Amino acid sequence: MQSLLPLIPFLPLLGFLINGIFGRKYFSKTTVGLIGSAPVLVSFLLSIACFNEVATSGPISVTLYPFLSVDSLQVPFGFLVDQLSVWMMLIVTGVGFLIHVYSIGYMHDDEGMWRFFAYLNLFIFSMLLLVMGDNFLMLFFGWEGVGLCSYLLIGFWYNNVEYGKAARKAFIMNRIGDLGLLLGIFLIYKTFGSIQYAQVFSQLGTLEIGAGVVTAICLLLFVGAIGKSAQIPLYTWLPDAMAGPTPVSALIHAATMVTAGIYLIARCNGLYSLSPDAMHVVAIVGLATSLFAAFIGLRQNDIKKVLAYSTVSQLGLMFLALGMGAYSSAMFHVTTHAFFKALLFLGAGSVIHAMGGEQDIRNMGGLRKALPITFWIFLIGTFAISGFPLLSGFFSKDEIFAHVYDHGGAIWWALASIGGLLTAVYMCRLLYVTFFGNFRGTDDQKHHLHESPASMTVPLIILAVLSVLGGVLNLPHFMHIEPSSWMAHWFAGNGVGGTPVIPMGEIGIDASTEWMLMGIATAVALAVIAVGYVMYSKPDNLPVADAQQSGLGKLFANKFYVDEIYDALFVNPIARLSKLLHYYADVWGLDGIVDGVGKSVMGLGGYFRRLQNGNIEYYLMGMVAGIVLLLLSVFA
Amino acid sequence: MLEAVPIEYFLYLCTLLFVIGVFGVLTRRNAIVVLMCIELMLNAVNLLLAAFSTYLSDAQGQILVFFIMVVAAAEAAVGLGILVMIYRNTKSTDISLLDQLRN
Amino acid sequence: MSLYLILIPFISSLFLLLARPAASRSIALAASLANLAITLFALAGFNGDGSFNHEFSVPWVSGAGIHFRLGMDGISMLMVLLSNLLAPLIILSSDGEKYRPEARYFGLLLMMLGALNGVFMALDGLLFYVFYELALIPIYFICAIWGGDNRIRVTMKFFIYTFVGSLFMLVALIYMYLQTPGTHSFLWEDLVNVQLSSSAAWWVAVAFFLAFAVKMPVFPFHTWQPDTYTTAPTGGTMLLAGIMLKMGTYGVIRWMVPLAPESLHDLAPIFIGLAVFGIVYASIIAIKQSDLKRLIAYSSIAHVGLIAAGIFAWNKLGVQGSLIQMLNHGINVVGLFYVVELLERRLGTRSLSEMGGIAKNAPLFATLFMVIMLGAVAVPLTNGFPGEFLLLNGVWNFNPWLGAIAGLTIIFGAVYMLRAYGLVMFGPANEATAQFEDLNTRELVVLGAVALMVVAFGFFPQWILNITDGSVNRILGAVQF
């Protein structure tokens with residue numbers, strides 16, 4: 001396995017190179033799709049093999065070559081595959097492969113398909129580096145790499161200026177987070193003398209470190225996570241990122257890249273556990289984001305924007321779980337979320353495909369007859385995310401809520417549950433407005449309506465099955481159904497240092513309370529689904545257009561004006577400062593001083609030049625005066 | 001007999017001659033007069049050299065006088081030559097006109 | 001061996017200038033390739049323990065202790081590699097109608113190369129100074145003859161500014177020389193061994209700083225730079241930004257710090273402060289530039305500021321980072337200015353507002369520009385990253401707050417470079433850009449070579465770090481402040 005391990009990331013890189021270099025001129029679209037998808041499939045199969053190996057004989061680590069070696073900063077280009085990495089690898093390559101297959105159908109009419117698959121493969125490569133690296137620098141490679149791919153893919157249709165801006169925004173906001181991560185890595189190096197996981201985490205128990213330093217490290221790393229995983233205050237890029245093709249939204253902006261922040265903190269759980277303050281910050285940011293985004297999601301009319309805010313909200317929930325110390329629960333939700341959110345995005349893609357590019361749900365309606373498979377799939381996704389009993393989201397959210405109740409108390413639990421409730425509300429609204437009622441599009445669109453080809457529906461069906469059954473991965477222990485808490489046990493396996501990758505989290509509340517919490521959540525979800533059906537499935541009940549919103553609705557529809565605030569606070573002042581500095585400080589000020597020095601020398605020269613007037617008497621007079629002065633100074 | 005004339009008198013006379021020369025050079029614009037004033041200054045120095053030569057009984061001073069006379073003659077010849085050329089070009093011997101190199 | 005690196009360019013330069021052969025470009029290319037071959041050969045057998053390889057020493061003015069002494073330790077080796085790696089690319093890229101008469105242009109270019117190699121190898125203070133100033137002469141003529149509007153004024157300013165700066169250095173060198181024991185000597189070791197009083201060291205350090213800060217340039221001595229980079233012909237700009245500014249950074253490592261370490265404990269924070277302020281200052285100004293060339297000029301100030309800050313931090317990470325970044329910044333900036341040149345050649349403008357939509361017609365160009373841009377933005381696994389990582393880490397170790405402020409460069413860098421890239425490549429095409437032709441073979445060779453180096457050095461930075469490792473250890477071990 002060791003020798004095959006590097007193939008897992010490098011095969012997609014190979015796919016990127018082949019498609020990127022030859023795709024435009026030499027390959028048909030089918031070939032491009034095959035070359036793009038095959039490496040990911042192979043990587044997935046190899047990841048399964050890795051999984052088996054990790055299960056039987058523990059973590060695998062491979063060092064390819066010493067990447068950087070300066071002083072005591074020794075950074076190998078190396079991989080470490082433990083329980084956590086291999087799980088992320090399975091998600092990335094597995095869901096990634098399904099989305100590749102889906103894209104063959106979805107992007108078939110696009111002339112830039114070769115580019116699309118090249119970028120997707122590059123993304124898979126970067127994401128695999130991120131999760132497979134055995135040190136923080138490798139993680140950072142992947143971290144920035146996925147940001148780059150995100151930039152390339154959001155701006156995929158580059159003729160549109162707005163898309164280009166959205167892509168830039170995503171990259172720059174990510175970079176703000178990256179700076180935090182980078183500084184965090186510096187501090188780790190300074191504190192631990194190494195940035196390799198094995199050496200850093202093995203010192204945690206023995207090294208005397210001040211609480212302030214640990215908190216600083218954790219917060220700096222968390223800044224990185226905030227940028228990448230779209231949390232307050234750096235979340236505004238994610239909704240704009242919907243400018244990219246829909247498979248991109250599914251793969252990067254729902255299933256994998258945005259969960260990198262979760263991975264980072266889960267990876268560093270040993271550090272975070274030492275800093276209650278940092279955990280607290282993580283929990284607060286997560287909860288706030290979860291609620292904030294959910295409110296915005298209530299009044300969005302763009303099918304992808306709703307899903308985007310839902311993603312932000314769900315990510316907030318995962319951070320809440322992390323902040324509560326429920327690392328494996330967060331990873332569990334990462335997994336189920338990857339299933340159902342990818343499913344929802346791809347389903348939305350199928351709808352958009354059928355509607356000829358239309359994304360406004362006000363112009364849809366009644367699609368369940370024309371798109372039966374898509375409808376059922378979307379229904380499953382919606383129910384899963386809303387917490388419909390026994391679907392995957394039900395279990396993963398419930399586990400998080402239980403931890404929140406245990407560690408944070410009733411108020412935290414109530415606030416988190418409001419987030420869950422709102423999720424159910426806007427998702428049901430989305431489902432009913434899109435698929436029920438009357439068709440509200442144009443006649444053209446009506447004739448064009450068709451179910452998507454098999455290459456798109458088959459991945460959808462697989463994801464739907466996973467969304468339904470995903471809960472089995474980590475059944476709550478109080479239900480006493482085997483395998484109970486399988487995933488938590490998996491992550492509690494011994495990592496590279498012989499210690500658990502993620503220690504088992506204990507829930508200190510008794511089974512009856514847990515049953516009660518679960519019951520409340522179930523009741524709420526069912527009620528919302530039922531009430532939502534009544535409210536939104538009526539043919540005449542159309543969401544209000546953005547322009548006609550009022551009151552709170554207007555606030556939600558305009559996303560709390562956060563973009564406008566950022567523009568006013570940062571973007572515009574910096575742009576103005578740029579011009580001011582250029583004209584006043586640089587050209588007029590500093591350069592003026594330099595030119596001033598030059599000019600005054602010239603001026604002085606002009607002044608002295610007048611002495612040389614060519615008049616002999618004048619010179620002689622000077623000479624005699626000089627002699628007289630000299631004599632006087634000597635003799636007088 | 002020369003001993004009867006104190007050396008100071010020579011000094012006064014020569015200084016007077018020299019200052020007259022300097023004054024002429026500074027104030028007169030006629031190039032011929034300027035040249036003559038320069039000769040006057042030189043001769044003032046010559047006189048002083050000769051006086052001191054006798055006073056100190058050292059012949060070197062008088063030898064130097066001859067050198068200076070030779071140089072002065074050469075200088076006068078060159079100076080007058082230039083002056084003639086200038087006169088031919090400008091029909092004037094006014095030295096204040098001679099600032100053509102200035103710009 | 002080191003002598004050849006200087007003689008070959010000088011002799012071929014004289015030949016080109018005097019005989020004016022028709023095939024001047026081929027001759028220049030051959031000479032630069034010969035130099036590159038020698039460099040690579042020297043690199044192959046290089047002893048990286050920090051001693052001077054390939055020493056060549058003859059007395060020059062023996063009575064005054066002045067020697068013509070050349071030699072290369074790892075730091076010099078890297079710089080020589082930089083100049084000789086870039087020279088063929090610059091020669092290849094200088095085609096088109098602009099550079100007539102070609103023999104004169106290439107002659108001056110080669111003279112420049114010889115002088116630069118001399119600067120990087122000189123181990124005698126006066127020799128260093130002579131080469132340092134010698135390099136100014138050809139670039140002056142290149143800019144003043146083939147430059148754009150206002151070239152005489154701008155070039156004059158550049159010349160006087162840098163010349164005045166280096167006069168301070170000359171004074172400092174002579175002062176140091178007079179402090180050497182016995183019959184005085186300009187040799188590097190002898191100058192290094194001089195113990196200065198801390199006030200004298202203060203003056204010496206400030207004088208050196210003025211010379212090198214103008215050359216790099218570091219804020220606030222940078223104002224000649226945007227005008228000069230913009231006005232100079234692209235070949236000249238490449239020389240200036242790619243190699244010549246490294247004379248300043250190299251000078252700090254080789255001469256300034258070892259010669260006057262006594263006062264740097266107090267001065268270094270000020271220098272780093274200036275450099276870091278310059279990073280943010282230049283980055284912000286770059287954001288709204290409309291002339292692509294000027295934008296890259298300002299970005300160069302930011303990058304060099306970081307290099308300077310890393311050097312003055314004077315720890316292993318900072319110095320190694322600055323060295324690797326000198327090489328990689330040179331590569332990237334040559335690529336970027338070549339991109340500007342290609343745009344200007346085809347569109348007749350450098351104004352970003354008159355571009356857009358080029359990616360569609362010129363995918364090859366767009367891709368290579370993207371790769372080089374990513375290098376400039378320091379995305380991991382491109383060549384810009386290892387240097388920036390080490391530099392920021394080095395500055396951060398010096399002072400965390402300064403490190404964090406310097407780190408803003410990774411944000412602002414993305415802002416201005418992506419904006420520029422988007423305005424050039426994306427969006428709808430206009431009349432001019434709709435006719436944009438993709439790269440021809442020669443252009444592909446140059447940009448492809450740059451892009452290849454961007455990726456190769458991004459994946460394998462240790463290749464470069466190994467060259468300088470021993471020398472940096474030695475110099476850091478010998479000099480501390």
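This is a predicted model: local features need pLDDT of at least 70, side-chain atom pairs count only at pLDDT 80 or more; totals for chains, interfaces and linings use all residues.
Local features rest on pLDDT of at least 70 and side-chain atom pairs on pLDDT 80 or more, while totals for chains, interfaces and linings use all residues. Residues are numbered from 1 along each chain as its sequence is written, with chains lettered from A and ligands numbered from 1 in the order in which they are written.

**View 1. The side of chain A that touches chain C.** Here 42 residues of chain A are in contact (C-beta atoms, placed from the backbone, within 7 Å) with 42 residues of chain C. Strand 1 (60-70), helix 5 (136-154), helix 6 (161-192) and helix 25 (562-609) of chain A each supply at least two residues; helices (H or I, at least four residues) and strands (E, at least two) are DSSP runs, numbered from the N terminus. Helix 6 of chain A gives the most, 14 residues.

**View 2. Domain 1 of chain A against domain 2 of chain A.** The domain assignment, automatic or from a database, gives domain 1 (1-134), domain 2 (135-475 + 503-557) and domain 3 (565-635) of chain A. The C-alpha centres of domains 1 and 2 of chain A lie 23 Å apart, and 32 residues of domain 1 are in contact with 46 residues of domain 2. On the domain 1 side, strand 2 (73-81), helix 3 (83-106) and helix 4 (113-132) of chain A give two or more residues each, with helix 3 giving the most, 15.

View 3. C:Ser197 sits in the loop between helix 8 (188-193) and helix 9 (198-215) of chain C. C:Ser197 is exposed (12 or fewer other C-beta atoms, placed from the backbone, within 10 Å), because it has 10 such atoms within 10 Å. From C-alpha to C-alpha, C:Ser197 and C:Ser263 are 8.7 Å apart in space and 66 residues apart in sequence.

Key: Two residues are in contact if their C-beta atoms, placed from the backbone, lie within 7 Å. A residue is buried if 20 or more other C-beta atoms lie within 10 Å of its own, exposed if 12 or fewer, and partly exposed in between; C-beta atoms are placed from the backbone.
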